[in-house]
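Here's a quick tour for anyone meeting this structure for the first time. Have a look at the model, then read on.

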Amino acid sequence: MSEQQTRSAWDRFWFGEVGTGLTLRPLRIGMAVMAIAYFASHWADVGRWFSGTGVLGSEALGQFLLEAQLGEAVRWRLSPLYWIESTWILRGYLVVGMLLAAAWPWVRITRAVGVALWLMVVGMANRAFMISGLEELVLVWGIAYLAIAPPDGSEHWTGSLALRLIQVHLTLWLVVTGLTMLSAEAWWEGTGAMALVAPAEDRRFDLVDSFSGTILLEGTTHAVVLVALVAPVLLWLPAVRALGFGLATFWSLGLALLTSQFTLFVGLAVLLWAFRPRGGSTSA
Amino acid sequence: MKSVVGKKFRADRSKAAGPPVEPGQSGSSPISAPVSSVSQTEVGAQPPASGPEPRSAFRGTGPVDVRGPVGVARPVEVAGPNLSVRRWLGGAICLHFLLIAAGYLAVVRPSSLQTRLVDGFAAYLRVMHWVPEPGAADAEAPAEGVAFFLARGAGLERSYRLQFQGGTEGQEMQWYDAPYDIGSPGSERRRRHSRFWAAIAELGLSDQNALAARLLSPIAQAYPEVKRVRIIRLPNLMTNVVQDAESPPYTASIVRQGDSIRFVREPIPRLGSAAIP
């Protein structure tokens, strides 16, 4: 195979996908809803955490990092919110973020709204040092990739690039999650699902009693591991893509229910829409 | 316009997977033609036509329908970037996912190579929040690195609470949960509080009392009636008797002198042999 043909296949993969406008629109709407929920979740506590007298106020946090010699850990966690001490201005930031998220799917003339929303989420995530989690990660990369695509849904190579970036990143996420689960004994001995629901005080639904049966508990545990490892393969095989899509979506929504990590796992389910089988299309 | 046309290539890979076209050979079929056009563009390195690139990548006139009557995708040509941009983007994509994979995989016990890679590109990975911060993934920050959620769910996730003593009339010696709303069970708000308390508990367990006190100072200032403070871990179905019998990871008395506040750490009592079944 000639070098040019190899390069051509690479180019077709990243820049040659079709129908991305239709595929990415539901993702954009879904991620916008997740972004609104994320900013709203900060509303009640933003002053308690980040204001001048807050627990993680700039001065208090600075002193802590200085004494802990952790300056290097936050050196690149840049955010304009470190300079804001007023609770009302912090809430203004959240309002702007929510307005941008609400406008994002509907403003179809510029990418600026998506880019601005991404920067707002990054700024919030970087400011939430010590209290941020994985939900911020999914929001950040999901919005970042979607902001690359044409806002009007037209066919353009940037739409293809955005779709492929989401697909590859999702695959990487599932693979890493599956592989690292294998490093914990709970996922081998069948109690992993119980570990997810056991901290019942911090779960929306108390499902501890639901797993009283051994078969259900161990079956769920093994299914969680199996899907994380198998779905990334199924999603890239056109013949079984529908099965992979269904399994991965069920996996995400199931884990959202078990762990109450709704922003994280519903966000993943939204992004899985990038793999939605399109009737007859053979592109992977 | 010719150069723009030369940048087209087939999007439908099933159609494009036809017989290979030798370099320099002119593709005679509508399938191979775009491939050879790509080659010409790359070899010729023609700059793109002046003026803005058309927004729509569909060529031709009339309505565009990417699906055939039976739902089969028609071959649709999508314009791509020119060669130099493709090369630059290809390299950037590879590097991007290499770094993210290194950041994600450094979860159990990162190698020195992984650590160097992630630290070397910290500006990129952290400014844009591509990788989690240490301890973000589950409530207990492991010393050896970032634990992905679900990665090590071996009963590690514990529920933490901040408790006060003092200030409640008639119940001076009673411990009670910090009297502010931390959100409903399962909410992001409660999870953030739990992560913060877990960080203080970790500091307490590693005897970094001054740092734990530094984090608790704003709370102690907000509640001047409080005399003692502690972080507790709630038992759950995955914890055993020994874990449930463990003392709170951080307990301190608060000494107030004017505006200044000092925390006096109360030592964790060691478990006696009687506590071990």
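Helices (H or I, at least four residues) and strands (E, at least two) are DSSP runs, numbered from the N terminus, and two strands pair if DSSP finds at least two bridges between them. With that in hand, chain B has an open sheet of five antiparallel strands, in the order 4-3-5-6-7. This is a predicted model, where local features need pLDDT of at least 70, side-chain atom pairs count only at pLDDT 80 or more, and totals for chains, interfaces and linings use all residues. Residues are numbered from 1 along each chain as its sequence is written, chains are lettered from A and ligands numbered from 1 in the order in which they are written, and side-chain values use heavy atoms, leaving out hydrogens and water.

- Strand 4 (175–177) and strand 7 (260–265) of chain B are the edges, each pairing on one side only.
- From one strand to the next, the twist averages 30 degrees.
- Strand 3 (residues 159–165) of chain B is joined to strand 4 of chain B by three bridges; B:Gln163 has B:Asp177 in strand 4 as its bridge partner.

**The helices**
- Helix 7 (residues 188–205) of chain B packs on the sheet, touching strands 3, 5, 6 and 7 of chain B; contact means heavy atoms within 4.5 Å.
- Helix 8 (residues 209–222) of chain B lies across strands 3, 5, 6 and 7 of chain B.

**Confidence**
- The model scores ipTM 0.92 and pTM 0.81.
- Chain B has a mean pLDDT (the predictor's confidence in each residue, from 0 to 100) of 69, with 57% of its residues reaching 70 or more.
- Residues 1–75 of chain B have pLDDT below 50, as do residues 135–155 of chain B.

Note on methods
Axes fitted to C-alpha atoms, helices over the stretch in contact; angles between N-to-C directions.
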